[in-house]
Amino acid sequence: MTPDLSIQKKPMYYGAVYVLLAVMVGVAAAYQPLFSILGLGVLFSFVYAIYQPEKMSYLVLLSTAISINYIVEANMPGLEIISLYKLGILILLVPSMLQNGLRWKFIYPIAAIASMLFLTIFFSDWHPRLTLSLTLKAFIGLALPFFFLMIKWNKGTAQRHIRIICLLPLVSVGTGVLLQLAHLYSFLNVEFTGAIRVQGANIAPHLAMLAFLGITVALIETKRNPLQARFFYCTLAANFAILIATGTRGPILAMLAMAAYYFFDMVKQYIKGKLILIIPLLCSLALIGGAVYVQWDNMTKRSFERQTGTGIDLSGRTEAWSYFLKGVKDSPLTGRGLGAVTVANDGSLYEGFVVPHNEYIRFYYDAGYIGCSLLFLSLLVLFGMIYRVIPQRIKIYYVAFILAFFLYSLSDNTLSTVQFIIPFCWYLNSLYILSTTNSKKEEVI
């Protein structure tokens, strides 16, 4: 029997590759030690992603629990740490995309963002500080999360993704405690108003986004998947406590309609004879009452009065909104260019307002009425496609969830913050997969 020479050559081939990689890393380490270590880590992670794509997806989703750009201070020429992070997770999920395939009918948001790029290049009135590289970077950063919406995971993986999303705030808090003990990052943030906010391994607004998703997703899942209701009720309570501890009002106001329907539905079921529901109902009311009592002082401190003639302000937001609206008034149709909003603050606004904390104003500034309308119309189409396949018993919860997203977008950067948009897209994808009636067809495709 003739031996297979190709099999014999494989160890030699792999050995040569490993030696070459070792030499490259050794050379790079002499000039850029930090980035050579990061590069080596990405390389090993990519190899792991090839052999274990589903397990890598869990790690990537868990990584959104940490605002790495606030903890790690490292940049490459032309790329800040958050851009490197986004590029890294895209590379790590490529094996999953190749193995599972992509659902191309969900490409509408990406197409809309591509249209905004087209408008920028050919029609926008470019901001003086906007560059082509900044525009391309903004395009990639905004479009990337919507690729995660398109991956065709199997149903078991999708269910585990949902549970991870509900645990993200707890992961952030736990990681924040460890970072505090190691004196690497502060677990609490004390604002100039005197308000004390829990931020975990994020900044407080980012942790609030994770908690918002943990609460709203758990509300839907208690109804969609009653066999796991105990897990979702526990995470719901924990995430609500975390949200209150962040001292953030926007997500609380955004989810009021969803919370109201949740209580209405529980009372209705209780009246119909499901007496056991009195336990979560009373616990929810007690939790809300206790949270309001504990955090009332923090909430009032953050509603500070600015010397702008407008009285009580939304932490400076109305002033920022006026500033950005004024900056785009001469180019209302096509805006100032994709990514222009990130360089628009000339220093006259508080430095925290790199963007206006209002996604409608943000995309209106970047792409005008045309680009902004295309983007939010594409989202409506996407949300409608998912609505058509979900079970009837959660349709109202789902509509309230989407309404909460649109309301939250009035006061924060929902579409451009990793801690919101990636778990948000991931959940919508999982919800679609688990709601598809023909399970065999979905798993094969």
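Helices here are DSSP runs of H or I with at least four residues, numbered from the N terminus. The model is predicted.

**Stop 1: the nonpolar patch**

Select Phe118, Ile121, Phe122, Phe123, Leu132 and Leu136, and show the surface. These residues make a nonpolar surface patch of about 620 Å². Now colour helix H6 (108-122) and helix H7 (132-148), each of which supplies at least two residues of the patch. Which helix gives the largest share of the patch? H6 does, with three residues. On the other helix, pick out Leu132, which lies in H7.

**Stop 2: from H7 to H5**

The crossing of H5 and H7 is left-handed. To see the contact, show side chains on both helices. From H5, select Ser83, Lys86, Ile89, Leu90, Leu93 and Met97; from H7, select Lys137, Gly141, Leu144, Phe147 and Phe148. By class, this contact of H5 with H7 consists of seven nonpolar, two polar and two charged residues.

**Stop 3**

Go next to the loop between H6 and H7, where Asp125 is found. Select Asp125 together with Arg336: their side chains form a salt bridge, at 3.9 Å from N to O. What parts of the chain does this pair tie together? Arg336 sits in the loop between helix H14 (317-327) and helix H15 (359-387), so the pair links parts that are 211 residues apart in sequence. The structure has five salt bridges, this one among them.

**Stop 4: H8 against H9**

Finally, select residues 155-181, which are helix H8, and residues 204-224, which are helix H9. At what angle do H8 and H9 pack? The angle is about 145°, with the axes 9 Å apart. The crossing of H8 and H9 is left-handed.

Show the side chains on each face of the contact. Coloured by class, the contact of H8 with H9 shows eleven nonpolar, three polar and two charged residues.

How values were computed
Residues are numbered from 1 along each chain as its sequence is written. This is a predicted model: local features need pLDDT of at least 70, side-chain atom pairs count only at pLDDT 80 or more; totals for chains, interfaces and linings use all residues. Side-chain values use heavy atoms; hydrogens and water are left out. Axes are lines fitted to C-alpha atoms, for helices over the stretch in contact, and angles run from 0 to 180 degrees between N-to-C directions. A crossing is left-handed if the near helix is turned anticlockwise from the far one by less than a right angle, and right-handed if clockwise. Ala, Val, Leu, Ile, Met, Phe, Trp, Tyr, Cys and Pro count as nonpolar, Asp, Glu, Lys and Arg as charged, and the others, Gly among them, as polar. Patches are made of residues with over 30% relative accessible area and no salt bridge: like charges are joined within 9 Å, nonpolar side chains (Val, Leu, Ile, Met, Phe, Trp, Tyr) within 5 Å. Accessible areas come from the Shrake-Rupley method with a 1.4 Å probe; for residues, only the protein chains shown count as cover. A salt bridge is a side-chain nitrogen of Lys or Arg within 4 Å of a carboxyl oxygen of Asp or Glu. Contact means heavy atoms within 4.5 Å.
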